[in-house]
Structures are given as C-alpha cells and as structure tokens.
Amino acid sequence: MQARHGDLLVKGVTYAALIALSVFMLFPFVWMLVSSFKPFPEIFAGRSFLPIEPTLANYVALFERYDALRKFWNSFYIATTATALSVFLCALGGYAFAKFQFPGRNVMFAVLLASMTIPFAVLLVPLFVMMRNTFGWIDTPWPLIIPSAANAFGIFFMRQYMLSVSDDMLDAARIDGASEFGIFVRVVLPTALPGLASLAIIFFMASWNNFLWPLAVLRSERMHTVPIMLNSLQGPPGRTAFDLLMAGSVLSVLPMLLVFFFLQRYLIAGITAGSVKG
Amino acid sequence: MTSIAARLLLTSLLLVFGALSLAQTPADALVPNPDLHASLEIWSWEGATGALQAADAEFAEYYPNIQITYVNRPTGDNYQQIQLGAVAGGGLPDVANIENSHLRQFVELGILYDMTERLEPYVPLMNAFKWREAEMDGRYYAMPNDSGPVALFYRRDVFEQAGVDPESIQTWADYYEAALTIKAETGLPMWQQATARNNARLFEILMWQRGAGYIDADGNVILDRDERILEILEFMGRFWQEGLAVDAEEWTDSWYRNFDEPAVASHPGAVWMGTFFKAWIAPDSAGQWGVVRLPAWEPGGSQASNDGGSSLVIFEQSTQKEAAWAYVEFHLGRTASQLDMFIASDIFPSLETVYADPYFAEPDPYYGGDMVRELFTQIVQEIPEAGIYNVDYQEMNGLMAEQIQRFAIGQISASEALAAAAREIRSRTGRR
Amino acid sequence: MRQPPHTTSVPATLGVAGTWRRGPLGTIWRHRWPLLFVSPFFILFAVFALYPIFFSLYLSFHEWRGVGVMRPVGFANYTRLFGDRIFWGSMLNAVLLFFIYVPLMTFLAVVIATVLHGSFLKLQGMWRAIIFMPHLTSMVAAGFTFRLILDTHSGFANQALAALGISPVPWLDDMWWARISVGLLMIWAWLGYNTIIMLAGLQTIPIEVNEAASVDGANRVQVFFRITVPLLKPVILFAVTLSIIGTFQLFTEPYILTGGGPIRATETPVMQIFSSTFANLRFGYAAAMSYVYFITIIVLAIVQFKLVTRGDR
C-alpha cells in the first residue's frame with residue numbers, strides 16, 4: 001500500500017472524527033454494561049457514571065425470578081436449528097441456480113428476486129391464522145424455523161458464491177460416477193465453506209434478534225426468546241425494570257459480540273458479497 | 001312484655017343475627033376439601049398477585065391438593081396474550097385477573113366460563129356496579145375482585161405550608177382556587193398530568209364522577225354531545241395553561257419521585273394508589289398524606305368515582321374448572337380472605353360483607369390516622385353508573401388519549417378534541 | 001444431422017416409454033436434480049408466502065375478530081381505510097423518518113468508507129469493527145438502552161448537554177424530537193452495515209482513477225465529490241432502496257423506544273397493522289391495511305428507482 005501525501009491537518013481531523021464516531025457507536029454498550037451493575041435507584045439518580053454500589057443482583061434476579069436460562073436456551077436452539085436448516089437448503093438452491101441449466105430457470109430466478117420485495121407485515125395476519133388453524137404451531141418454535149427455511153436472500157447469496165465454484169471439479173466428480181446429491185455434499189459444500197459460514201452468521205444473528213414474529217406466535221412464558229423476555233420486563237402498572245433490562249441486554253448482546261470477534265471476517269465478507277451485483 | 005317473652009324475643013333475635021353474621025356468604029361456610037386435585041395457572045400482574053397471595057396460605061389448608069402458579073405480566077401484555085389464546089384456540093390459563101375496563105371484550109368473545117349458577121348468591125353481596133361488565137344476557141362470566149373508589153390524596157405538609165384547609169375544598173372550583181394559592185405560597189403544582197403522554201385516566205375518572213362517559217345507555221357516543229364533558233376537559237386544560245400541573249407520565253421514575261419529594265400537592269386517584277405509595281413509591285412519607293372525598297362539580301353533587309378494579313375469570317378452555325372455581329370462590333367470596341387481602345395490600349374488596357369488619361373502623365397510620373378505610377367503604381357505595389367501561393374501551397381510551405394529548409400541548413381546543421375523538425370512535429367501532 | 005439441444009437420443013426399442021421420455025415429464029426427469037434442489041424454496045414460498053397473500057386479500061373483504069364468524073363486508077374495509085387518519089399518519093411518519101435519517105446516514109457511510117478505504121489509515125480493521133458492532137445488537141436491547149440514555153429527566157444525554165450549558169432536550173417527549181431519536185437509533189444501528197456496502201463498492205473502483213485525478217491537481221474533496229460519488233451511484237442506489245424498504249418495515253425500534261408516541265408521532269404502518277390485529281382484533285381491517293401498505297411500498301420503490309436512474313449517462 002502506498003502512503004498518501006496527506007495534510008497533517010486532514011489526518012488529524014479524520015482521526016478526531018473517527019474517534020468521535022467510535023464514541024457514539026460504543027457508548028450505548030458501555031452504558032448498558034455500567035447500568036447493569038447499578039441498583040435501580042442509581043440508574044435514574046444520574047449522579048455518577050460508574051456504579052456507586054455495584055451489584056450483581058440484577059443478573060441474579062433475571063435467572064431466579066424470570067427463568068432467564070430457559071429463555072436463552074430457547075433463543076439458542078431456535079437460532080441454531082433455523083440456521084442449520086436454512087444454510088443447507090439455501091446452499092442447495094443456490095447451487096442449482098448457479099451450476100445448472102434447466103427449463104424455466106430464469107423465470108424461477110425472477111420470481112425469487114421478486115419475492116424479496118414482499119414485506120413481512122403483509123404476511124403477518126394470514127400466516128398467524130395459518131399457524132393456528134392449519135398447523136397448530138402457535139406456541140411452538142416451528143413458525144420461526146420452517147417458513148424461512150429456504151429463503152430468497154439466502155439462495156441469492158449462495159448463488160453468487162457458487163458461481164465461482166470450479167466447473168471442472170464438478171465434471172470430474174460426475175465422471176467418477178458420483179450422484180448429484182453426493183457431489184453437492186462432498187464436493188460443493190466443503191468448497192463453499194466460507195460462504196456458508198458467512199450466511200450462517202447472518203441467519204443466526206437474524207434469528208437471535210428477531211422480535212415481531214416471535215412476539216406474535218410464542219405465548220407461554222416458557223417458550224419465550226430473549227428479546228421477548230426483555231420486552232416483558234416493562235410496566236405499567238408498576239415500574240419498568242430497567243435494572244433487569246440492562247442486565248438482560250448485556251447478556252443478549254454478549255453471544256453476538258463473541259461470534260463477531262471470532263468470525264468477523266466471514267460476516268463482513270457475507271455482507272460485501274451480498275451487495276455486489278452478480 | 002313479660003320477662004319470658006322478652007327473653008325469648010331477645011334469644012331469637014340473637015340467633016337470627018348470629019346466623020346472619022356467621023354465614024354471611026356461601027364461601028364463609030366452606031369446609032376443607034382435600035379431594036380436589038389440580039394444578040392451576042393464574043395470569044395476573046405484580047401488585048394484584050401480591051394481594052391474592054395473602055389468602056393462599058389458608059387456601060392451602062382448605063384445598064391441600066390444588067397447586068397454584070402465578071404468571072405476572074404488564075396488564076396490556078396479559079390482554080394481548082388472552083386475545084392470542086382466544087384466537088389461537090389454546091394456551092390460556094385456568095384463571096385470569098382482568099381489569100374491569102377490559103373485561104367486556106373478553107365476555108363478548110365467548111371464551112369465558114359461564115358461572116351464573118355459582119355466582120347468583122354473590123350478586124347482592126358485592127358492589128353493584130362491578131357486575132355490569134361481567135353480565136351478558138342474564139348470564140354471569142366474572143367474579144368481582146377489587147374496586148377502585150376514587151378520592152383526593154393530598155400532602156399535609158404542602159397544604160399546611162400554603163395555609164389551605166383540605167376540608168374547605170368542596171367543589172372543583174374550590175380545588176382550583178386552592179391550586180392557585182398553593183402555587184403562590186409554595187410554588188408547587190396541584191396535580192400530575194402528562195401532556196404529550198396523557199393516558200386519559202383522570203378524564204375518565206371525572207366523567208365517571210358525573211355519571212357521564214364515552215357512551216350513553218344505548219351505546220351511542222356522547223363525548224361531543226354532553227356539555228358536562230366539555231366542562232371537564234376545559235377544567236383540566238386550565239391546570240396546564242396556568243402552570244398548575246406538572247408534566248409527568250404515569251408509572252415513570254419522575255412521576256414516582258414527584259410524589260415522594262414532594263413536588264406535587266395532591267392526587268385524585270383510586271384507593272389502590274395507596275398500595276403503591278406504601279410499597280415503593282413513597283414508603284418514607286408515612287403520615288404526610290391525607291385523604292378526602294373528591295370535590296363535587298356542583299354543591300351537593302356526586303363525590304364518588306371509580307378507576308380500575310378487576311375481576312377474576314375462568315376460561316372455557318380450562319379442564320380444571322372445579323378447582324378453578326374453588327380458587328375463585330375462596331379468594332373472592334370468603335369474607336376472611338378478602339379481609340386478609342385488603343390488610344396485606346390495600347386492594348379494596350368488592351365483597352361488601354367485609355366492610356362490617358372492625359378493621360375498617362380503624363384509622364390508617366400511613367394517612368396520619370385518617371379514617372381512610374371507612375371513607376372508601378362509603379365512597380364505593382356511591383359510585384354512579386357511567387358509560388366508561390365497555391367492549392370497545394381499549395380503542396376508545398386510545399383515541400381519546402391522543403386528542404387529550406393534542407389539547408394539552410395546545411394544538412387544538414377542548415371542543416375540537418372531543419369532536420375528533422367522537423368522530424373517530426364512531427367510525428372505528430361502528431357506533432352512532 | 002442436427003439435433004435439437006437438451007435431448008438425448010432414444011433407442012427405438014423403448015416404444016411407449018421412449019415417447020414419455022421426450023415429453024414434458026421427460027424434461028422434468030432429466031433435470032430432476034436441480035429442480036429438486038430448488039423445490040424447497042418454491043414449496044415453502046407457495047405455502048408460506050403465496051397462499052397467505054391471497055388469503056390476506058380474501059380476509060380484507062371480511063370483518064373478523066379472529067375467532068368466530070367471518071362477515072363479508074365487500075369494500076367497506078378499504079373505504080374506511082382511505083379515510084383513516086391514523087393509518088395515513090403512520091405512512092407519513094415512515095416518510096418523515098426516512099428523510100430524517102437516510103440521507104445523513106448514506107452520506108456518512110460514503111464518507112467513512114472513503115476514509116477507511118484510503119490507505120493512510122492504521123488499524124482499518126479495528127475502525128471497521130467498531131462501526132459495525134451496533135448492527136449486532138438486538139433492537140430490543142438497543143431500544144431500551146437508548147430510552148435510558150435519552151430520558152428527559154435523568155438520561156445521560158441531557159446531563160451531558162447540561163454540562164455544556166445547553167438546556168435539556170425532550171428527546172422522547174416531543175413529537176419531532178421523538179422522530180429524531182428514532183432516527184438516531186437507526187443511524188447508530190445501520191451506519192456500519194451501510195459503510196460495509198459502500199466499502200465493497202469502493203473496492204470495485206480502480207485505483208488508477210483516483211490517482212489520475214490527484215495527478216491532475218484535484219484535492220481530496222474534489223476527488224470525492226466529482227469522481228468517487230458518481231462512480232458509487234449504483235451502490236448508493238442499492239443502499240437507499242434497502243433503506244426505503246427498511247424504513248417502511250420499522251416496528252421494533254419505535255415500539256420499544258417510544259411506543260409510537262408521543263401522540264402517534266413515531267407510529268409506523270407495521271405497528272398499526274400489528275395493533276389492529278392483536279390489540280383491537282380487527283383481522284379483516286388489518287389485512288386491508290397491509291395490502292394498501294404493500295402496494296404503496298412497491299410504488300415508492302419503483303418511483304425512487306426511476307427518479308435516480310433517469311439521470312444516468
């Protein structure tokens with residue numbers, strides 16, 4: 001990389017601006033963390049930034065009174081199941097669109113693209129009624145896993161990725177007599193692993209943070225996911241338990257931060273690839 | 001009268017009286033029943049559950065094989081979950097505590113257990129106005145839990161400092177004058193009323209006091225047709241316009257602190273506010289609050305109103321209705337239970353037989369020794385009929401609150417607010 | 001002899017079975033693998049998207065409380081909807097919110113991406129990570145945190161302003177400030193995402209273009225506005241389209257941060273559809289609402305697309 005001849009002033013301003021921006025970005029996290037250790041009166045007293053009497057009571061209360069462990073487990077297994085299933089099916093579909101010629105392929109792909117414009121709100125009411133009447137899936141994790149299992153975004157994304165898989169490798173495998181499905185599992189999937197990882201992170205994050213649809217279909221408390229648990233800590237009547245809320249928020253953000261720090265590369269690559277027109 | 005006859009008369013009178021006071025309600029005559037096995041789920045909210053739990057220990061003695069699990073949520077969430085349960089055909093609990101404001105819509109959804117035969121003996125024993133929402137076509141679907149008789153809470157220290165005698169406030173005009181005096185002498189506002197986040201509850205209390213409401217007895221919207229309602233809204237407006245109100249949203253931290261500091265002189269509210277005062281809003285202010293009746297609108301007019309109050313319902317979906325009824329009847333129909341609940345929580349019983357207990361004749365130390373409990377028993381029996389709680393209450397309250405908010409921040413006039421609310425309520429609920 | 005494409009020669013001995021292989025069924029059989037692979041999407045799409053869309057249309061011509069009888073009411077829901085001040089107010093709110101935060105956010109994203117792309121910066125990965133972190137947060141958690149920070153009386157924001165001698169701002173208690181607060185939350189959450197998109201776009205611009213401009217004597221700012229931005233136009237268009245759709249789908253952020261208030265200033269169309277369904281139990285009306293909303297979004301997206309690409313060279 002060449003060094004550019006920059007003005008010292010420009011550099012200085014740039015760094016200052018970036019620092020200011022970073023403060024803006026990081027501050028809510030810091031505030032969340034700091035507040036989670038404050039007892040309730042301190043949160044609103046606004047007297048000091050750091051807790052005067054730091055306490056773990058908020059975290060303890062979440063686990064003892066609100067059964068937070070179960071909610072985290074719910075969020076986790078729903079996100080994991082949905083991600084595994086979705087990544088597999090989207091890879092399958094993406095592979096087909098990328099590497100095969102078949103009649104109606106272009107039309108089908110156009111339908112796929114068009115389907116991405118359908119906003120969820122249009123489907124909210126009828127899907128909810130279907131979950132109840134047709135499937136009996138209210139209060140189960142299935143509405144959060146099945147409908148989006150093979151979704152347009154994922155297939156579009158994987159198709160971009162699959163385009164770069166070498167045809168020669170595929171033909172060689174066919175000549176060796178492998179079945180198409182076998183080729184997919186044993187040749188394509190391993191090659192596409194980085195793309196799969198990116199998509200997996202995107203899906204996991206979407207499922208972990210999902211709010212509207214789970215709010216509609218998960219009703220009994222033992223089925224709640226973490227965002228719904230946070231929402232239910234609100235008053236009225238009675239006060240919104242901001243102390244518990246901050247503790248819960250920290251806990252809900254932690255897994256995603258961990259994923260991010262270790263797998264940053266894949267996540268960013270995923271978003272980058274998704275936005276470059278194929 | 002001969003002495004023998006006199007003694008006979010006296011004895012028979014005593015027996016009759018004794019019989020009446022011993023078996024005041026059917027539930028008072030309940031005997032323990034260990035044969036009922038069940039595990040009940042009950043939906044409620046924090047403050048209310050605390051009250052119900054006060055009777056749980058005795059309940060366990062009478063029904064040792066019925067397990068109870070409470071699920072607490074913010075009230076709005078409970079109602080949404082119940083609607084979802086109705087719509088989704090499953091997942092409802094056995095029993096739920098429902099505010100009377102929202103009760104009617106569930107009755108009309110047809111998801112509640114018809115308890116008419118079981119409830120009939122209790123109808124004359126509980127506050128009459130509580131049965132309005134629970135009864136449909138002659139059938140009863142809910143049992144009254146608590147009522148919300150409204151009075152005026154005031155800060156003794158602030159009133160003293162301003163030289164205002166609370167007993168001198170007989171009408172709302174007097175109240176307004178007192179507000180001006182208190183503002184001049186102490187700089188404090190008279191009441192807390194949010195502007196942009198007003199929830200219309202005070203407005204509803206004042207309408208109820210006058211026997212007015214969103215609708216008349218035929219279900220027609222009268223907001224823009226009743227002069228008294230316009231008077232109410234304009235009266236509220238003066239407090240905002242003249243700096244006599246502090247803008248704080250209910251159930252927020254600032255609202256609590258204003259009660260505690262104090263940063264406000266009074267609060268027209270229901271008896272259950274006392275529960276929250278004592279518990280965590282202003283527990284250290286014992287002795288600083290007093291209670292008097294609401295000022296009247298005209299001399300000699302009604303000084304009673306209602307805000308809130310709830311009932312217990314059993315869902316038709318429940319497979320444990322016998323046990324559920326045992327729970328409901330024991331907690332709400334039994335004098336001793338309701339008394340325990342009131343003593344523990346200040347949640348005011350709808351069961352009138354409780355009022356005869358000597359506890360109600362005692363002064364309340366939190367209110368500086370005022371005979372507050374007795375006052376509320378009187379108020380609760382004077383509550384007028386009003387068209388506030390109905391099947392569309394939720395929508396009406398939302399639409400009205402929005403117009404009050406616009407009025408409060410000065411965007412529109414009071415009559416425009418009422419006209420707009422009336423128009424939208426008619427359109428959305430299909431009324432005239 | 002020329003053979004038509006995509007056919008295999010069939011032995012004459014197969015007879016009837018042979019004809020079968022040449023017809024449409026045969027085509028499907030020949031392409032059975034790719035068709036099988038894409039079938040999960042189309043099956044799920046048909047069941048969970050296509051069918052519901054038609055069911056929703058059907059529902060919109062009825063009145064239904066979610067349980068019990070569905071009453072056909074013809075176009076009544078739609079006529080009522082066109083006069084529904086609250087619904088159209090929510091649509092207006094979405095438009096207002098869009099203009100409040102999208103232009104600023106997109107501009108910032110381009111600037112930041114350009115700065116990050118410039119190689120004089122150390123620790124590029126770190127800056128990128130920090131700017132992207134908010135995107136990972138659940139909007140429920142973020143919404144509650146912002147609510148605390150922006151609280152009028154005891155929030156950190158006003159305390160910081162007070163330290164600078166500025167009087168408190170009613171972040172969540174005033175109609176316009178509440179909209180700005182939602183915009184603030186959106187910028188916080190989405191700036192990183194948009195920056196990554198812009199970075200990807202910048203990486204497709206050859207370095208030589210910028211170098212040629214610098215040699216010609218243009219300074220950084222001129223290079224930015226005259227060269228970088230126009231070349232990024234397709235990417236910017238893509239990001240803005242995503243933002244339009246995203247803004248109109250807003251639910252969680254205003255639901256948690258402001259509850260739609262004050263005075264419905266931050267109520268969005270999806271919040272209206274949600275409350276019509278689950279709070280007021282008016283399923284038919286909610287279905288009609290969602291249709292009008294759907295068509296409006298499509299129209300807006302097309303209009304925006306045409307407006308921006310009209311001036312393309």
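1. Conventions. Residues are numbered from 1 along each chain as its sequence is written, with chains lettered from A and ligands numbered from 1 in the order in which they are written. As the model is predicted, local features need pLDDT of at least 70 and side-chain atom pairs count only at pLDDT 80 or more, while totals for chains, interfaces and linings use all residues.

2. Chains A and C. Here 72 residues from chain A and 67 residues from chain C take part in the contact, two residues being in contact if their C-beta atoms, placed from the backbone, lie within 7 Å. On the side of chain A that touches chain C there are 53 nonpolar, 16 polar and three charged residues. In this classification Ala, Val, Leu, Ile, Met, Phe, Trp, Tyr, Cys and Pro are nonpolar, Asp, Glu, Lys and Arg are charged, and the others, Gly among them, are polar.

3. Chains A and B. Chain B puts 19 residues into this contact and chain A puts in 14 residues. On the side of chain B that touches chain A, the elements giving two or more residues are α2 (46-53) and α4 (75-88) of chain B. Helices (H or I, at least four residues) and strands (E, at least two) are DSSP runs, numbered from the N terminus. The most comes from α4(B), with seven residues. By class, this side of chain B has seven nonpolar, seven polar and five charged residues.

4. Helix α4 of chain A against α10 of chain A. The axes of α4 (residues 68-99) and α10 (residues 193-209) come within 8 Å and cross at roughly 140°. Axes are lines fitted to C-alpha atoms, for helices over the stretch in contact, and angles run from 0 to 180 degrees between N-to-C directions. The pair α4(A) and α10(A) is therefore oblique; angles under 35 degrees count as roughly parallel, over 145 as roughly antiparallel, 65 to 115 as roughly perpendicular and the rest as oblique. The crossing of α4(A) past α10(A) is right-handed; a crossing is left-handed if the near helix is turned anticlockwise from the far one by less than a right angle, and right-handed if clockwise. Residues that meet include A:S75, A:I78, A:A79 and A:A82 in α4(A), and A:L196, A:L199, A:A200 and A:F203 in α10(A). The contact has twelve nonpolar, four polar and no charged residues.

5. Helix α4 of chain A against α3 of chain C. The axes of α4(A) and α3(C) (residues 32-60) come within 8 Å and cross at roughly 135°. These two helices are therefore also oblique to each other, and α4(A) passes α3(C) in a left-handed crossing. From α4(A), A:L89, A:L92, A:G93, A:Y95, A:A96 and A:F97 meet C:P34, C:F37, C:V38, C:P40 and C:F41 of α3(C). By class these are ten nonpolar, one polar and no charged residues.

6. Chain C overall. Chain C has 15 helices and two strands, and 42% of its 313 residues are buried. A residue is buried if 20 or more other C-beta atoms lie within 10 Å of its own, exposed if 12 or fewer, and partly exposed in between, with C-beta atoms placed from the backbone. Of the contacts in chain C with a separation of 6 or more, 67% join residues 24 or more positions apart.

7. Helix α12 of chain C. The 16 residues of α12(C) (residues 233-248) should span 22 Å at 1.5 Å a residue, and the end C-alpha atoms are 22 Å apart, which agrees. The expected span is 1.5 Å times one less than the number of residues. Buried in α12(C) are C:V235, C:I236, C:A239, C:S243, C:T247 and C:F248.

8. Helices α13 and α14 of chain B. Helix α13(B) (residues 321-333) is mostly covered, with eleven of its 13 residues buried, among them B:W325, B:E329 and B:H331. Helix α14(B) (residues 335-345) is also mostly covered, with eight of its eleven residues buried; these include B:Q338, B:D340 and B:F342. The cover over the buried residues of α14(B) includes α2, α3 (56-62), α12 (272-281) and α13 of chain B. Just after α14(B), B:D346 has a positive phi of about 70°.

9. Residue B:K278. This residue sits in α12 of chain B. Neighbours within four places in sequence aside, B:K278 contacts B:P283, B:D346 and B:Y366.
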